[in-house]
Amino acid sequence: MEKKFKTNNQKITEASYKVSYRIALAGEAHVIGESLIKSCVQDIVSCVLGESFSKQVESVSLSNNTVKKRINDIADDIELELISRVQACNAYALQLDESTDVAGLAILLVFVRYDFNKKIEEDLLLCESVNISTTGENIFNCIDNFMTTHEINWRKFIEVCSDGAKAMTGKVRGVVARIKNVAKNCISTHCILHRYALVTKRISAIFKSVLDEAVKIINIIKSKPLQ
């Protein structure tokens, strides 16, 4: 009896986590779990399986605070899994991007590419606001603090990719230069998308018209549902 009770509790908790995960993927407000989803599930279960099964759904906690906690737990677990993979990999590379959000806050994005189970994986490693000025020193310190805190070895670092901003590529004080001081064997590359953006600024009128038509065609295709 006790074993069955524990099993039911585990199922209820698992259901709560799965629904919270769906809410996070959809980007919906956390309150939707209790205000809409739970009621809908109860109606479906009641109609298909019966009223007795519908009462079991009532035990699944989907309150605003619970959904928030579940999402934070899932995020922490994903972060720990990613960090353990990067720690155990043979080599890894980083792609850096610093931009400003709609509120004017500077955001640093760091993507990591690493080997895992004989495949190359790519994930978002770090997304953090830069509250002080976005100098090469401050951006590097933000990355270095993350690496040090999570015991990620700089010696395995082989390549860094960034845009051409001075804070990133400055020969002495840029982020890339500072990374090369701690990762002696790494190389640096210029982001291919930023290269394309620079090229289009000086493209001839003929090629620009062709590019504009190509962009229009792509936008039309993307706006249509798949048949």
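Ring pairs join Y92, F140, W154 and F157 into a cluster. Rings of Phe, Tyr and Trp (the six-membered ring of Trp) are taken to pair if their centres lie within 6.5 Å; planes under 30 degrees apart count as stacked, over 60 as edge-to-face and the rest as tilted. The model is a predicted one, in which local features need pLDDT of at least 70 and side-chain atom pairs count only at pLDDT 80 or more, while totals for chains, interfaces and linings use all residues. Residues are numbered from 1 along each chain as its sequence is written, and side-chain values use heavy atoms, with hydrogens and water left out.

## Aromatic pairs and charges over rings

The structure holds 3 aromatic pairs. In one of them, the ring centres of Y92 and F157 are 5.4 Å apart and the planes stand at 45 degrees, so this pair is tilted. Y92 belongs to strand β1 (residues 92-100) and F157 to strand β4 (residues 157-162), so the pair ties together parts that are 65 residues apart in sequence. Helices (H or I, at least four residues) and strands (E, at least two) are DSSP runs numbered from the N terminus. Both Y92 and F157 are buried, where buried means under 20% relative accessible area, exposed over 50%, and partly exposed in between (1.4 Å probe, protein chains only).

F140 and W154 form a stacked aromatic pair, with 6.3 Å from centre to centre and 25 degrees between the planes. This pair links distant parts of the chain, 14 residues apart: F140 is in helix α5 (residues 136-149), and W154 is in the loop between α5 and β4. F140 and W154 are likewise buried.

A charge sits over a ring if NZ of Lys or CZ of Arg is within 6 Å of the ring centre and within 35 degrees of the ring normal.

| Charged residue | Ring | Distance from ring centre |
|---|---|---|
| R70 | Y17 | 4.6 Å |
| R85 | F116 | 3.8 Å |

## Overall architecture

The protein contains 9 helices and 5 strands. From the N terminus on, its elements follow the order α-α-α-α-β-β-β-α-β-α-α-β-α-α. The chain is divided into domain 1 (8-75), domain 2 (90-190) and domain 3 (195-226), with bounds from an automatic or database domain assignment. Between the C-alpha centres of domain 1 and domain 3 the distance is 44 Å.

The radius of gyration of the protein is 24 Å, whereas a compact globule of 227 residues would have a value near 17 Å. This radius is taken over C-alpha atoms, and the globule rule is 2.2 Å times the number of residues to the power 0.38. Along the principal axes, the C-alpha atoms fill a box of roughly 70 × 50 × 40 Å. Of the 227 residues, 27% count as buried. The accessible surface comes to about 15900 Å², and 57% of it belongs to carbon and sulfur atoms; areas come from the Shrake-Rupley method with a 1.4 Å probe, and for residues only the protein chains shown count as cover. Among contacts (heavy atoms within 4.5 Å) between residues at least 6 apart in sequence, 56% join residues at least 24 apart.

## Buried positions in helices

K38 lies in helix α2 (residues 32-48). At 10% relative accessibility, K38 counts as buried. Apart from neighbours within four places in sequence, K38 is in contact with G33, V57, E58, V60 and L62.

In helix α7 (residues 175-182), the buried residues are V175, V176, A177 and I179. These buried residues of α7 pack against β1, α5, β4, α6 (166-169) and β5 (187-190).

## Exposed loop positions

N117 is located in the loop between β2 (106-116) and β3 (119-129), and K118 lies in the loop between β2 and β3. Phi of N117 is near 55 degrees, a positive value in a residue other than glycine. For K118, also a residue other than glycine, phi is positive, near 65 degrees. N117 is exposed at a relative accessible area of 60%, and K118 is exposed at 88%.

R202 occupies the loop between α8 (192-201) and α9 (205-223). With a relative accessible area of 80%, R202 is exposed. The C-alpha atoms of R202 and Q87 are separated by 43 Å, and the two residues are 115 residues apart along the chain.
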